[in-house]
Amino acid sequence: MTSESQLIHHANQLYEKGWMAGTSGNLSVRTEDGFRITPSGKHKGELSVADLVLLPSSGVLPSDSPHRPSAEISLHQTIYRNCPDARAVYHVHTVEATVVSEWARAGSLELPPLEMLKGFGWRGGDPLPVFPVFSNHADVRDIAADLESFFRRKREFLLPGFLIRLHGLTVWGDSPAAAFKHVELFDFLFRFMVLSRTVSS
Ligand SMILES: [Zn+2]
């Protein structure tokens, strides 16, 4: 299975989970000639490989491209530019990711020390990872600029992802399978956080 067809398979699965509702969210995979990303405004449960839009390594979209790329393409560009190991970038809108994004302090969200963190290579004795939460701007390029400056400040992402406040979750991985796994792991953590507050209140 090519990485593009894996991406399509994952788009269906993520749509079925309700994480790409109403044509929201976007997925991309790095290819030899750049990266391919889901198109803008298309239902994520009905995509095919032919719908993916190539952004060549030059960064210039071909004028004869049959579809427009996702409006959030600048987030993907920024991650691929700064993370050489990233082979896939997945951006989804889940309810719990949106809820917990409001709980960040000074741009960071503290995560609970759950066993699931070991899926990211965290070990029990390690310091608890803190998760970045960026402001949501009307123009996605402004979010990408904040992300770029985060990378420039050589702030390390302890985990392969970040939140955008009241917007959604973005992850990356060294394969489409890894990116999919990271979405699932983060979703588990965020659901736990929401549920544990609900139970204790
Ligand atoms: Zn989004």
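Tutor: Let us start with the word contact, which here means heavy atoms within 4.5 Å. Please keep in mind throughout that this is a predicted model.

Student: Which residues of α1 and α5 meet under that meaning of contact?

Tutor: On the α1 side they are Ser3, Gln6, His10, Gln13 and Leu14, and in α5 they meet Pro176, Ala177, Phe180 and Val183. As a general idea, an α-helix has 3.6 residues a turn, so residues three or four places apart point the same way.

Student: How are the axes of α1 and α5 placed relative to one another?

Tutor: The two axes come within 9 Å and cross at roughly 20°. Angles under 35 degrees count as roughly parallel, and therefore α1 is described as roughly parallel to α5. The crossing in which α1 passes α5 is right-handed.

Student: At what angle do the axes of α2 and α4 cross?

Tutor: The axes of α2 and α4, the helix of residues 140-152, cross at roughly 15° and come within 8 Å, which makes α2 roughly parallel to α4. In that contact α2 takes part with Ser74, Leu75, Thr78, Ile79, Arg81 and Asn82, while α4 takes part with Val140, Arg141, Ile143, Ala144, Leu147, Glu148 and Phe151. Here, too, the crossing is described as right-handed, with α2 passing α4.

Student: Why is α2 said to be largely enclosed by the rest of the structure?

Tutor: A residue is called buried when its relative accessible area is under 20%. Seven of the 10 residues of α2 are buried, so the helix is largely enclosed by the rest of the structure; among these buried residues are Ile73, His76 and Tyr80.

Student: How should I read a nonpolar core, and which residues have the most contacts inside the largest one?

Tutor: In soluble globular proteins, nonpolar side chains tend to be buried together. In this model the largest nonpolar core has 36 residues, and Tyr90 and Phe190 are those with the most contacts inside it. Several elements each supply at least two residues, including α1 (3-16), β1 (26-31) and β8 (168-173), and α5 gives the most, with nine residues. There is also a second, separate core of 21 residues, which includes Ile79, Tyr80, Ala144 and Phe150.

Student: Which residues are the protein donors of the zinc ion?

Tutor: The donor residues are Glu72, which is listed with two OE entries, and His91, His93 and His167, each through NE2, with the donors lying 2.0 to 2.6 Å from the zinc ion. Along the sequence their spacing is E-x18-H-x1-H-x73-H. Distant parts of the chain are linked in this way, for Glu72 lies in the loop between β3 and α2, and His93, 21 residues apart from it, lies in the loop between β4 and α3.

Definitions and conventions:
Residues are numbered from 1 along each chain as its sequence is written. This is a predicted model: local features need pLDDT of at least 70, side-chain atom pairs count only at pLDDT 80 or more; totals for chains, interfaces and linings use all residues. Side-chain values use heavy atoms; hydrogens and water are left out. Donors are N, O and S atoms within 2.8 Å of the metal (3.2 Å for Na, K and Ca); water is not among the atoms, so sites may look incomplete. Helices (H or I, at least four residues) and strands (E, at least two) are DSSP runs, numbered from the N terminus. A nonpolar core is a set of buried Ala, Val, Leu, Ile, Met, Phe, Trp, Tyr and Cys residues joined through side-chain atoms within 4.5 Å. Buried means under 20% relative accessible area, exposed over 50%, partly exposed in between (1.4 Å probe, protein chains only). Axes are lines fitted to C-alpha atoms, for helices over the stretch in contact, and angles run from 0 to 180 degrees between N-to-C directions. Angles under 35 degrees count as roughly parallel, over 145 as roughly antiparallel, 65 to 115 as roughly perpendicular and the rest as oblique. A crossing is left-handed if the near helix is turned anticlockwise from the far one by less than a right angle, and right-handed if clockwise.
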